[in-house]
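The entries follow in the order I took them.

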Amino acid sequence: MDWDKLVQLIVNGLTLGSVYALVALGFSMVYGILKLLNLAHGDVLMVGAFIGWGVLGWLGGAQDPSVAVWLLIVLMVLVAMVGCGFLGVAIERFAYRPLRRAPRIAPLISALGVSFFIQNSVLLLFGANFRSYEAIDLVDVEVGIHWGPLNVWILRVVVFASAAAMMIGLWILVTRTKLGKAMRATAFDREAAAMMGIDVDRVIVKTFFIGSALAGAAGVLVGLVFGQINHFMGFNYGLKGFTAAVVGGIGSIPGAMFGGLFIGLAEAFSVGYIEDFTRGRLGSAFSDLVVFLILVLFMLLRPQGIFGKPDVKKV
Amino acid sequence: MSETPETPEPQQPRIGVDEWVASAEERRRQGLGTRIEDAFGRTPPVVKLLALVIPFAVYPLFVDSEYLMQVGIDTLIFVLLALGLNVAVGWVGLLDLGFVAFFGLGAYLYAAVASEYAGRHWEAQFAIPLIAIAVAAVGFVVGLPSRRLVGDYLAIVTLFFLQLWLVILVNASFTRGPNGISDIYPLEFFGRQVTSLDGYFYVALIAFVLIISFLYLLNQSRTGRAWRAVREDELASELMTMPVNRLKLLAFAVGAGVAGIAGAIFAPVQGAVFPASFDLVLLITVYAMVVLGGAGNLLGVTVGAVLINASLEALRDANNASWLFFSVIVIALLMLVRPRWLPVAILAGTVAFGLVVHEVAEQLRPSLVEGATFGGTRIDELAEQWVLLPEGAIGPDGLPAGALARLAYLGLVAAVLGLTLVRSRLWRSIGVVPVLYLAACVWENLLLAQPAVARFVLIGAMLVALMAYRPQGLFGRQRVEIV
């Protein structure tokens, strides 16, 4: 058994998984409240990555930042969160709200259009080349935790810690505050919530803001750790985030966190071991196959996900 | 509201919500449009089919360029794709995001039974039906995992299936990776090979006639009625003992089979298949075709596919894209804005506004008008005297060189969205003038520099706008329902 490799894969899986978990959270919150698959969610992440890249360039670039490194990273994440939050609110206002009472498929097609529009707008404005944060120049690879077989770059720790912090913050928001109560009530029964004096539209707007802000933060974290960003990156992260949300139990916050980490670990392990297992017949690109099989298995055996409750139809 | 005090006659039934919906037909506006619609409704389907097929059938007689023939074949293949997607999306209301994977599967299966690489050459009269059945079976299996769930999960599973399909195509050795399979044999029917583009065009046309007839009859059948019932209310149809899950899977499989046939024609036309041909761009283009024409309407879907493919071809080239862009804006204004003098006033105002802005800019900052447009039509030559063309805003690679072009683009998006929020007609009519001018500026500067990307931006925007303002598409009829 190669312990170094195993530890490395766990670290990779947790980093990737925390990003998936952030995507899954926003996706799951919106689904819980509107019963709508926000297919443009991955593209919000992509825009967040580009905003972070823009802030980085504006403050001098990775080689020669004009502010302290920790402040730079905080600024990148914050600006991306605010920017993506407003992007999410705009998407809700213009693409989804006019379709609240339309047949179920209408907002989904609208979401496809939004996704396509955002992707091609970024392609139009920034071109198809991959952009890099060059975070290795920002923080040296050697800086980090070195403890036995455990060698972790500090930025990976930052990604995991900030994702965990945001999830805890969200958990407190949803369970302890008045807004959280309103969100839960709206998710449970929108009409009843409206009759109890909750301004449903505002709750929905805030949900979109928070969910999209999380995706924006995830975009910056992706750029910091995995380096390259381009206009099409949102597809992969969106897809894995959806899968994580379904596996964890769509609409459930702990489910999204757990599902994200689970999918991240599964992907990292299959990247690491699929070649050994299939004796070289399948390369590491086939890790998607493993994730897809997990999704299918869950759909067949436990469609409500790990933390979800079975869907009971009301008439 | 169960009572309407304004209807005094007691002998007539009081109009409740249900009756209001039921009588929607009688309340339609009586005008030319309605009369055309009614006459159209009375036309027998065979006549409609002929009216649809004859323009296609004579197309090769009037066209002698190879490029236009190729566009014609592509259009027919797109029509087949749109018809296939319409089964799941339009009739059953399922979001099938893996649809182009089935198209790709059909193409690769044809490559597997008729190419030098495979070392076989099956005749098409066996190959195409077998491929259709095989692809339909795969569609059935892909749909299976989500059989217990609402349609939303189907979207995720099928989207993931598309991703997986692309991963397999690019990475597996038997598909030859990104290089694709490039020595595909032409179609061969009963020992006779199809060699010319005209021949392929007629093969595609025959496939179109057969498929649209099949789908028309299917839609008229018990199954078709059941599909529409499932779309309207899943729970109610389940209570009426319809096998909802089996119906959904059937629709899914039928759509996949049609896509497979389209793929099996596409592969020999191209002579090669590559993974890059079956991506998300194609998927959303086909969705745009179905939605523009009117999901659920066979004629609408066909016309939508023709319109979108023709527009995409026209927009590909900066030398004629401007004609389409500006005429669509003018026609949309003339059709949508009432009273009739208002769009004329708006257009005149926009021209005057542009002249003033151009003049002021030339006096204050000459560099703002010294750039050149990327377009090559007469319109673009005229526009150079009218829109702002800042020098150096667009780099030689067609990408924005500074923040100016990017900000203008984002400003345009924000302005268009903001305009939809303005309620007052006066302010909206005034506001539309600078927005139109800004749109013309962005078009001449940025969008014409990359027409291949700009057309997809327009497709995305069109999908959102259609869903918000005319979800029934061009040909569909407005839904009236009980809320």
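**Helix pair in chain A**

I started with a crossing: α10(A) passes α12(A) in a left-handed sense. This is a predicted model, and I kept that in mind throughout. I looked up the geometry next. Helix α10 of chain A covers residues 233–248, and helix α12 of chain A covers residues 287–301. They pack at an angle of about 35 degrees. Their axes are 10 Å apart.

Which residues meet in this pair? From α10(A) I noted Lys240(A), Thr243(A), Val246(A) and Val247(A). Facing them in α12(A) are Val291(A), Ile294(A), Leu295(A) and Phe298(A). By type, the contact divides into 6 nonpolar residues, 1 polar and 1 charged.

**Hairpin in chain A**

I then turned to strands β2 (residues 144–147) and β3 (residues 150–153) of chain A. They pair in the antiparallel sense, over 4 bridges. Gly144(A) stands opposite Trp153(A) in β3(A). The hairpin has 2 residues between the strands. There, Gly148(A) takes a positive phi near 60 degrees.

Where is Lys35(A) found? I placed it in the loop between α1 (3–34) and α2 (41–58) of chain A. Lys35(A) counts as partly exposed because 15 other C-beta atoms lie within 10 Å.

Phe190(B) was my next stop. Its phi is near 45 degrees, again a positive value in a residue other than glycine. Phe190(B) is found in the loop between β3 (188–189) and β4 (192–193) of chain B. Is Phe190(B) buried or exposed? I counted 7 other C-beta atoms within 10 Å, so Phe190(B) is exposed; the cut-off for that label is 12 or fewer.

**Contact between the chains**

I looked up the contact of chain B with chain A. The contact takes 44 residues from chain B and 44 residues from chain A. On the side of chain B that touches chain A, the elements giving two or more residues are α7 (151–171), α12 (280–293), α17 (403–421) and α19 (451–469) of chain B. Of these, α7(B) gives the most, with 12 residues. The residues on this side of chain B divide into 34 nonpolar, 7 polar and 3 charged.

**Confidence**

The predictor gives the complex an ipTM of 0.89 and a pTM of 0.91. Chain B has a mean pLDDT of 86, and 91% of its residues reach 70 or more. Over residues 1–14 of chain B the pLDDT is below 50. Beyond near neighbours in sequence, this stretch has 6 contacts in the model.

Note on methods. Residues are numbered from 1 along each chain as its sequence is written. Chains are lettered from A and ligands numbered from 1 in the order in which they are written. This is a predicted model: local features need pLDDT of at least 70, side-chain atom pairs count only at pLDDT 80 or more; totals for chains, interfaces and linings use all residues. Two residues are in contact if their C-beta atoms, placed from the backbone, lie within 7 Å. Ala, Val, Leu, Ile, Met, Phe, Trp, Tyr, Cys and Pro count as nonpolar, Asp, Glu, Lys and Arg as charged, and the others, Gly among them, as polar. Two strands pair if DSSP finds at least two bridges between them. Axes are lines fitted to C-alpha atoms, for helices over the stretch in contact, and angles run from 0 to 180 degrees between N-to-C directions. A crossing is left-handed if the near helix is turned anticlockwise from the far one by less than a right angle, and right-handed if clockwise. pLDDT is the predictor's confidence in each residue, from 0 to 100. A residue is buried if 20 or more other C-beta atoms lie within 10 Å of its own, exposed if 12 or fewer, and partly exposed in between; C-beta atoms are placed from the backbone.
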